[in-house]
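Trainee: Please take a close look at the aromatic side chains here, and at what surrounds them.

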Amino acid sequence: MVDFTRHWDVLVIGGGNAALCAAITARRCGASVLIAEAAPKFYRGGNTRHTRNMRCAHDGATDTLTGPYSEQEFWDDLKRVTEGNTDEALARQMIRLSKEMLPWIGQQGVKFQPSLGGTLSLGRTNSFFLGGGRSMLNALYRTAERIGVETLYDAPVVGIKVGEGRFQSATIDHGGARHELTAAAVVAASGGFEANIEWLREYWGKAADNFLIRGTPYNRGSVLRMLLDGGAEQVGDPTQCHAVAIDARAPKFDGGIITRLDCVVFGIVVNQLALRFYDEGEDLWPKRYAIWGRLVAAQPDQIAYIIFDATSLRLFMPSLYPPLTAPSVGELADKLGLDRVALERTVTEFNSAVRGGTFDHTILDDCHTQGLTPPKSHWARRIEIAPFFAYPVRPGITFTYLGVRIDAEARIILKTGEPARNMFAAGEIMAGNVLGRGYAAGIGMTIGSVFGRIAGAGAGNNARN
Ligand SMILES: Cc1cc2nc3c(=O)[nH]c(=O)nc-3n(C[C@H](O)[C@H](O)[C@H](O)COP(=O)(O)OP(=O)(O)OC[C@H]3O[C@@H](n4cnc5c(N)ncnc54)[C@H](O)[C@@H]3O)c2cc1C
């Protein structure tokens with residue numbers, strides 16, 4: 001039972017990767033540390049529970065990585081995916097420190113495994129957690145508990161008092177009562193606002209009602225809102241987020257990785273009018289998977305259908321749900337509730353535009369369409385071998401980028417331009433400093449780990465001094 005009258009050195013808000021990295025580091029600085037996690041114990045750890053891997057720079061192959069990934073290459077990748085919308089100094093600092101993360105995370109009890117196969121091909125750049133994100137989190141929690149970090153579950157922070165640029169206290173809702181808790185320093189690691197549909201609606205309008213949230217329902221952005229209202233400077237574009245196409249039958253929240261669909265490149269994608277709307281073969285899937293959430297979000301009723309035939313059924317990792325199937329394209333349209341004539345026309349037009357080549361989905365092959373708008377630039381094969389299949393897809397929001405601005409010490413920058421002396425942030429809540437737009441697989445965990453450690457050290461040392 002936590003003593004609410006105690007004055008803590010460090011209060012960490014949130015219970016995911018960023019929070020744990022901060023809490024462990026602060027405790028190792030000698031600080032007393034309390035984690036306030038909104039979720040009950042079973043659901044602890046937010047979106048981190050769903051992760052599989054993280055991207056870190058490293059000098060050579062290891063037991064689980066197939067080769068080196070230099071700081072320069074990491075930077076080039078980040079610059080390309082964000083189109084330069086990143087704070088270069090912070091991003092380069094993160095990349096440099098990411099080199100220390102694999103050994104550090106390993107020392108906290110987390111184990112790695114060789115890359116899982118699949119369409120993303122990350123064996124050289126990304127380290128996969130043995131047992132996935134939940135197992136990784138459990139290891140961090142065990143370490144935190146062993147060294148004396150205390151954790152309060154079912155304990156959302158519902159108020160933050162800031163005065164003269166300093167954190168003073170937080171109000172925590174726990175056990176049917178409100179408790180005011182003081183600490184010498186605070187680390188905000190409470191995720192983005194992706195689970196707050198009303199907030200998403202401010203930027204996306206009614207379309208937001210049809211978004212599915214791939215992760216935790218607890219990341220409602222309440223702490224982010226309190227910090228922004230309390231004088232923290234905002235960073236990032238509120239409409240930017242990581243969003244992929246996921247199975248439309250997925251639950252509203254927490255569907256996780258098994259609802260993602262990576263078979264776009266093997267077929268065509270049509271909207272509710274049975275019309276194609278984007279080049280399904282534009283580039284290799286790892287470079288394009290994260291645009292499909294936004295593309296589907298722009299379609300009528302935010303729904304689309306991936307259509308393919310028997311030739312492609314075994315070429316990709318299926319979703320949790322089986323595809324819908326029918327012996328003809330017309331009957332498939334009936335099952336999907338699409339106009340039969342319109343879908344048959346779209347497939348016929350596509351088929352007659354296909355220019356055959358040598359199909360190879362691991363390279364930019366020469367199978368493409370001619371005279372079709374939009375084109376399919378690679379992996380175009382006729383959809384003609386029964387049975388025919390379809391997956392309905394909706395936008396699946398992974399996490400939002402709007403956040404608080406921080407400095408190199410992970411201190412929250414105030415609207416006055418000054419850094420707050422005892423307020424730090426790590427993880428999704430400050431991801432917009434590094435990710436102005438775009439995404440490179442595995443970088444969410446890099447942001448949380450690196451800035452979590454920096455924030456924990458800052459908060460721990462601040463409190464002890
Ligand atoms: C399906 C899925 C798969 C993913 N796969 C990967 C991957 O393989 N690699 C990768 O790098 N990234 C991946 N990501 C992104 C990754 O999960 C995040 O970038 C990362 O986990 C963020 O860590 P965090 O600690 O900032 O947030 P979270 O892990 O989401 O933790 C936030 C915590 O704050 C708590 N909280 C929220 N509000 C409050 C409040 N008011 N008071 C107290 N606590 C609060 C939540 O309960 C939660 O515990 C994936 C995301 C999803 C959804």
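Mentor: A residue is called buried if its relative accessible area is under 20%, exposed if over 50%, and partly exposed in between, using a 1.4 Å probe and protein chains only. The model is predicted, so local features need pLDDT of at least 70 and side-chain atom pairs count only at pLDDT 80 or more, whereas totals for chains, interfaces and linings use all residues. Residues are numbered from 1 along each chain as its sequence is written, and side-chain values use heavy atoms, with hydrogens and water left out.

Helices (H or I, at least four residues) and strands (E, at least two) are DSSP runs, numbered from the N terminus. Rings of Phe, Tyr and Trp (its six-membered ring) pair if their centres lie within 6.5 Å; planes under 30 degrees apart are stacked, over 60 edge-to-face, and the rest tilted.

The structure holds 17 aromatic pairs. One of them joins Tyr141 and Tyr153 in a tilted arrangement, with 6.2 Å from centre to centre and 40 degrees between the planes. This pair links distant parts of the chain, 12 residues apart: Tyr141 belongs to helix H4 (residues 132–147), and Tyr153 to the loop between strand S6 (150–152) and strand S7 (157–163). Tyr141 is buried, at 1% relative accessible area, and Tyr153 is buried at 16%.

Another pair is formed by Tyr278 and Trp292: the ring centres are 5.8 Å apart and the planes stand at 90 degrees, so the pair is edge-to-face. Tyr278 lies in the loop between strand S13 (268–271) and helix H7 (285–288), and Trp292 in helix H8 (residues 292–297), so the contact ties together parts 14 residues apart in sequence. Trp292 counts as buried because its relative accessibility is 2%, while Tyr278, at 24%, is partly exposed.

Ring pairs also build a cluster, made of Phe266, Phe308, Phe316, Phe359, Phe389 and Tyr391.

Charges accompany some of these rings. A charge sits over a ring if NZ of Lys or CZ of Arg is within 6 Å of the ring centre and within 35 degrees of the ring normal. The charged end of Arg381 sits over the ring of Phe359, 3.6 Å from its centre.

Phe42 is in the loop between strand S2 (33–36) and S3, and its 56% relative accessibility makes it exposed.

The setting of strand S5 (residues 126–129) is another matter: Asn126 and Phe128 on one side, and Ser127 and Phe129 on the other, are all buried. Two strands pair if DSSP finds at least two bridges between them. Strand S4 (residues 112–113) runs antiparallel to S5, joined by 2 bridges, and Phe128 is the bridge partner of Gln113. Strand S3 (residues 53–55) is also antiparallel to S5, with 3 bridges, and Met54 stands opposite Ser127.
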